[in-house]
Amino acid sequence: RLLTFVIIGGGPTGVELAGAIGEMSRFTLARDFRHVDPKLTRIMLIEGGSRILPTFAPELASRATRDLEKLGVQIWTNSLVSNVDPHGVDVGSERVEAATVLWAAGVEAEPVGKSLGAQQDRVGRVIVGEDLSIAGHPNVFVAGDMAMATDRHGQPLPGLAPVALQQGRYLGQLIRNELEKDKPRKPFRYVDKGQMATIGRSRAIVQTSWLKFGGPIAWLLWLVIHVYYLTGFRNRLFVVVTWAWSYVTFKRGARLITNRDWQTHTSVPQSPD
């Protein structure tokens, strides 16, 4: 049970968690805990759909599946979690005892959306129009994870930071235009710059509208893009050095050696009072 890790949700977050734990079980556990057999570690990635990474192309999802399996990750698809408690999870009619359960299947929206009296989807996001306003209130806008907006094909936009950033810029310009120039509103159009997911050391997948690939080059591109969007040269340099050190040392840092029986073998002098 203590060596069983369950990740619920097969999206990019769940895949990255499963890959990271898979590497930790193989390298960190083996080096830092000599009495632990890494082969006994069980890592389970549970997805309710037919495959992991449903927003990626099927061939990229298949590649990620193979990479995770090489790290010892067990992937359960078409499996719904019905209960989570401190001792494990219930997957359908099957019980999995686990000390560590990580939820990566999304979250419900903040309940403040209910106070608007607007229509919501099943996870509590407010359904908005093309200009991100709610029905009946053209001057009330909802953006980011609280909004259930769709693209030009009617598909819901993902709850990602790029979506929220573009919506924020759009609303700022919309309000400014109406205050200063009284321009007619244009519908919000999300520009999809692609998506990435890392699976482990030198493993990643990249998908854009015209490019799909994986492997070490995709992993390096993931690093470059994340460093590029950091603010300030000092932050970028610090992250690059930290990542390089973690890559070389397998994230080995300071360790504390403790002894549970220390108090039983050490006499503590009593105060004269």
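Me: In which strand is R95 found?
Reply: The model is predicted: local features need pLDDT of at least 70 and side-chain atom pairs count only at pLDDT 80 or more, while totals for chains, interfaces and linings use all residues. Residues are numbered from 1 along each chain as its sequence is written, and side-chain values use heavy atoms, with hydrogens and water left out. Elements are DSSP runs numbered from the N terminus, helices being H or I of at least four residues and strands E of at least two. On that basis, R95 is found in strand β6.

Me: What is the order of the open sheet of three strands that includes β6?
Reply: Two strands pair if DSSP finds at least two bridges between them. The edge strands here are β4 (81–85) and β6 (94–97), each of which pairs on one side only. With antiparallel pairing, the order is β4-β5-β6.

Me: Which residue in β5 is the bridge partner of D85?
Reply: β4 and strand β5 (residues 88–91) run antiparallel and are joined by four bridges. The partner of D85 in β5 is G88.

Me: How many Å separate the C-alpha atoms of R95 and N83?
Reply: R95 touches N83, D85, H87, G88, V89 and D90, residues up to four places away in sequence not being counted; contact means heavy atoms within 4.5 Å. R95 and N83 are 12 residues apart along the chain, and their C-alpha atoms are separated by 9.5 Å.

Me: At what relative accessibility does R95 stand?
Reply: Residues are classed by relative accessible area: buried under 20%, exposed over 50% and partly exposed in between (1.4 Å probe, protein chains only). R95 counts as partly exposed, because its relative accessibility is 33%.

Me: Which residue takes a positive phi in the hairpin of β12 and β13?
Reply: This hairpin has two residues between the strands. The positive phi, near 65 degrees, belongs to S202.

Me: Is D67 buried or exposed?
Reply: D67 lies in helix α2 (residues 58–70). Not counting residues up to four places away in sequence, D67 touches I199 and R203. Because its relative accessible area is 10%, D67 is buried.

Me: What relative accessible area has T41?
Reply: T41 is placed in the loop between α1 and β2 (42–46). Leaving aside neighbours within four places in sequence, T41 is in contact with L3, F5, S25 and L29. T41 is buried, with a relative accessible area of 11%.

Me: At what angle do α4 and α5 pack?
Reply: Helix α4 (residues 216–228) and helix α5 (residues 233–249) have their axes 9 Å apart and pack at an angle of about 150 degrees. That makes α4 roughly antiparallel to α5, on a scale where angles under 35 degrees are roughly parallel, over 145 roughly antiparallel, 65 to 115 roughly perpendicular and the rest oblique.

Me: How many nonpolar residues has the contact of α4 with α5?
Reply: W219, W222, L223, H226, V227 and Y228 in α4 meet R236, V239, V240, W243 and Y247 in α5. Ala, Val, Leu, Ile, Met, Phe, Trp, Tyr, Cys and Pro count as nonpolar, Asp, Glu, Lys and Arg as charged, and the others, Gly among them, as polar. Beside one polar and one charged residue, the number of nonpolar residues is nine.

How values were computed
Axes fitted to C-alpha atoms, helices over the stretch in contact; angles between N-to-C directions.
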